[in-house]
Each structure stands twice: as C-alpha cells, then as structure tokens.
Amino acid sequence: MTSMVLPDRSQAMPAALQRTIVTLLVGSGVVSSLQIGKAVVAAPLLQADFNVSLTALGWLTGMFAVFGFLGGIPAGAIVSRVGDRRIFILGLAVIVLGSALGALAPAFAVLLMARAIEGLGILLIAVAGPAILQRVVDPSRRDVAFGLWSCFMPIGMALAMLIGPFFVDWHMLWWGGAALAAVAAYAVFLIVPTRAASTAPALSSSWRSLVANTWLTMRSRGPVLMAVCFALYSLMFLALFNFLPVLLNQRMQVAHGWAGPLSALATGANIVGNLAAGHLLARGVGRAKLIVFAAATMGIAGLGVFLPVFPDTVTFLLCVLFAAVGGLIPATLFSTVPILAPSAVLAPVVVGLMNSGVNFGQVIGPVLVSGAFEALGWPGAGAVVAVAALLAITVAIALGIALQAIAKRAST
C-alpha cells in the first residue's frame, strides 16, 4: 500500500482526517518519550546487570539532553530541506534500530551507543512533528493541536513510571519500545499525507542558502526569545521533578514504593496545562500573558515546595500545581512558531532552536539545583526556581512586545 498525497492546504483535508493525524503524531511522540522514561525505571535492573555506578546510569538519560542541545538547529534545517514526513518516519525507524540494538547489548558501552542512536530518533521526531501539524491542521484548530502535541513528553514519562515497575527484565522494555516505534512508523507512512509537489514552498537546492536562512532564524528576535523562554521553563521543571522522588522521601517521608506513582501523578498534571493552553489560545487569550502567569505561578509554587513552611499534603499539591500550570508554557510556545518564524519553510528551524533551548535547560538545571542544594539545602533549590521564573517573566514580556509589533505590521 502506498501513502496518500494531498495538496498542502489543510482546509482541503477532512476534519476527521486532521484529528486522526494529530492523534497519530501525538501517539508517536509518546512512544518516543517512553524511550527516555524506560531508562529511569530500569535503572536498578541495569545497575545489577552491568555493575555500573549511578553516575554512569545518569548518562543513559543525560546524553539525550546534550544531543538535543547540539542537534536541535541542524535537525530543523534538515527537516526544512528533506521534508517533515520523511524525517518523522526516519526518526521512528532510528528509534527501532537503537532500541533493538540496546536490547541485544552485551556490554554497557554498547547500550550507551544504542541510547545515542535512540536520542537521534527522538530529536528528529521532536522537530518534525510540529512541522507536520502546521502543514496539515486547519489554522483555526492549530492552537489545540499544538496543545495536544506538547502533551507527548509528560504522558510518556508518566506512563513509563507507572508501567515500568511491572517489568522484571529490562530487555523486554527495550524490545517493547522497538515494537511500538515500528508500529507507529508504519501508521505514519500509511496515514500522514506527503506534501504535493505543486504546492510545496520554494526552497533553494543550495545548502549554502539553507545555512544562510538558518542563521537568519538564529538572529531573529522572536525565535531567540522563545528558545530562551523554553530553556528557563525546562530549567524550572527539571529543578523540581529531577529531584521529586528524593524530596518525597526525605522531606515528606513518603515510602519508597509510593514515590514513583506520586511522581507520575505530579508529572502527568503537566498535561492539564498543555491542553488548557490550546483552548485558551483558541479563545483569544494573550500568549505573553499566559506565559507570565505560568512562570509566576511556577516560581511561587516552587518556593512553597522547597521551603519547609507547609505540611506535606500541601507541599505535594503545590508540586501538582507547579506541573499543571507549567504546561501552559510549552503549548503556547509551540503554537507561536508559525507567527514568529521568518518564513513557513523555516518553522522547523525555529522548533529546532527551541529544542536546543529546552535541552540546554535540562542540562544546566540539575547542575544548578545540585550546587544550590549542597550550599544552602532545599531553600537553595527554591532560589534557583524563583530566579528562573523572574527571568522567564521578563522574556515573556519581551516576547509580547515582539508579537504586538508583528500584529501592528500585519494591520497596516
């Protein structure tokens, strides 16, 4: 069976097909995020099998952030040149390869190499997915679609935390990840339309031209502000959730067996904000206002979590609030890409730049929090979140000014 070829006009595509494609893309994103979460839940089994330190195990997830930081912009440029659907399917195929290789790994070094391959696949999916959504979804539905897309990471991580403990053999997690990615790749091939050649935007065949346009994106005020905002959001989110199991155990005296499910519940609350952002934006709520509100709430809730001033139940509810309201930020930023991208063709490059930002936050966030904790205890971690929140508010205000300038030019 061959894949469909439809004109690049989302309005010409039936609404039911648009919903199917959005569901499929989000599901594929969840499959990719499960690959990240599986290493977290399988850590004790991997440590027992390979006899490695916790620091070595940390590289199984940490390398994804480094990969995403360095490769985000090149991946966006490749999507612009090669095509979003091709790169999305390639990303899933690369995950199949990496996960299968990991399941067969005879040594920890081979497993690390396999994880690097998986990381490449996840990066390609993260950059190509929004480009497909922008192409196939009707403009009136894009805010909701991007809100759904931004849910894939918290859904996948929460699922991994919930189902991972039921696996007694880590190899089955890796084989399961490969199988899910293979099914998703085949479904995308069958259902997601290719761009009709007659309606494809003109793009120079010269790589030099693409590099020049990519540099233009990196020098554009709006995309850079979005990348910085995403980095600060990621820093805040990881500052809390990277250490939440420890916080639950040490500060709230939660039993070890409950730390995983409660962390999954709090992480899953992020989905609420992602979905709410899509609906609020569709109803005309200002993008900058949503980010300012979310960043301020995260800063205040983060201080409440890290400072020993509330009872345990209230502290955990603040963790849930922190995640839920924080979900407003990624959904808002993703839906803003079509507005601030220098051109529709370069939208994937903007997403790649944002991906570099979010991964930079993932790399630097745990380092800053660890240093602050060693110096000042949990209040030091709260100070990191508070400062990041203030910076995010400042960036959001600047982003709002950039959006107003674009709206003013469009009106004249």
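**Buried salt bridges and helix contacts in the predicted model**

Lysine 38 and glutamate 118 are both buried. In this predicted model, the two residues form a salt bridge in which the closest N and O atoms are 2.8 Å apart. Because lysine 38 belongs to helix H1 and glutamate 118 to helix H5 (residues 108-136), the pair ties together parts that are 80 residues apart in sequence. Glutamate 118 also forms a salt bridge with arginine 115, with the closest N and O atoms at 3.5 Å. These two residues both lie in helix H5, three residues apart, which is about one turn of the helix. Arginine 115 is buried, as is glutamate 118.

In total, four salt bridges are found in the whole structure. Another of them joins the side chains of arginine 287 and aspartate 143, at 3.4 Å from N to O. This pair links distant parts of the chain, with arginine 287 in helix H14 (residues 287-306) and aspartate 143 in helix H6 (residues 142-149), 144 residues apart. Arginine 287 has a relative accessible area of 18% and is therefore buried, the limit for burial being under 20%. Aspartate 143 counts as buried at 13% relative accessibility. Through shared partners, salt bridges join Lys38, Arg115 and Glu118 into one network.

Arginine 287 is also in contact with threonine 336, as are Met226 and Leu403, when neighbours of the threonine within four places in sequence are left aside. Threonine 336 is located in helix H16 (residues 328-340) and is buried, with a relative accessible area of 1%.

Helix H1 (residues 15-41) also meets helix H2 (residues 43-50): their axes come within 5 Å and cross at roughly 60 degrees. Ala39, Val40 and Val41 of H1 and Ala43, Pro44 and Leu46 of H2 make the contact. The residues of this contact comprise six nonpolar, no polar and no charged.

On the surface, Leu104, Leu162, Ile163, Phe166, Phe167, Met172 and Trp175 form a nonpolar patch, with about 740 Å² of accessible area together. Helix H7 (152-163) and helix H8 (170-191) are the elements that give two or more residues to the patch. Isoleucine 163, in helix H7, is partly exposed, with a relative accessible area of 40%.

The protein chain as a whole has 18 helices and two strands. Of its 412 residues, 55% are buried. Among contacts with a separation of 6 or more, 85% are between residues 24 or more positions apart. The chain exposes about 17,300 Å², of which carbon and sulfur atoms supply 72%.

Terms used: Residues are numbered from 1 along each chain as its sequence is written. This is a predicted model: local features need pLDDT of at least 70, side-chain atom pairs count only at pLDDT 80 or more; totals for chains, interfaces and linings use all residues. Side-chain values use heavy atoms; hydrogens and water are left out. Patches are made of residues with over 30% relative accessible area and no salt bridge: like charges are joined within 9 Å, nonpolar side chains (Val, Leu, Ile, Met, Phe, Trp, Tyr) within 5 Å. Accessible areas come from the Shrake-Rupley method with a 1.4 Å probe; for residues, only the protein chains shown count as cover. Helices (H or I, at least four residues) and strands (E, at least two) are DSSP runs, numbered from the N terminus. Buried means under 20% relative accessible area, exposed over 50%, partly exposed in between (1.4 Å probe, protein chains only). Contact means heavy atoms within 4.5 Å. Axes are lines fitted to C-alpha atoms, for helices over the stretch in contact, and angles run from 0 to 180 degrees between N-to-C directions. Ala, Val, Leu, Ile, Met, Phe, Trp, Tyr, Cys and Pro count as nonpolar, Asp, Glu, Lys and Arg as charged, and the others, Gly among them, as polar.
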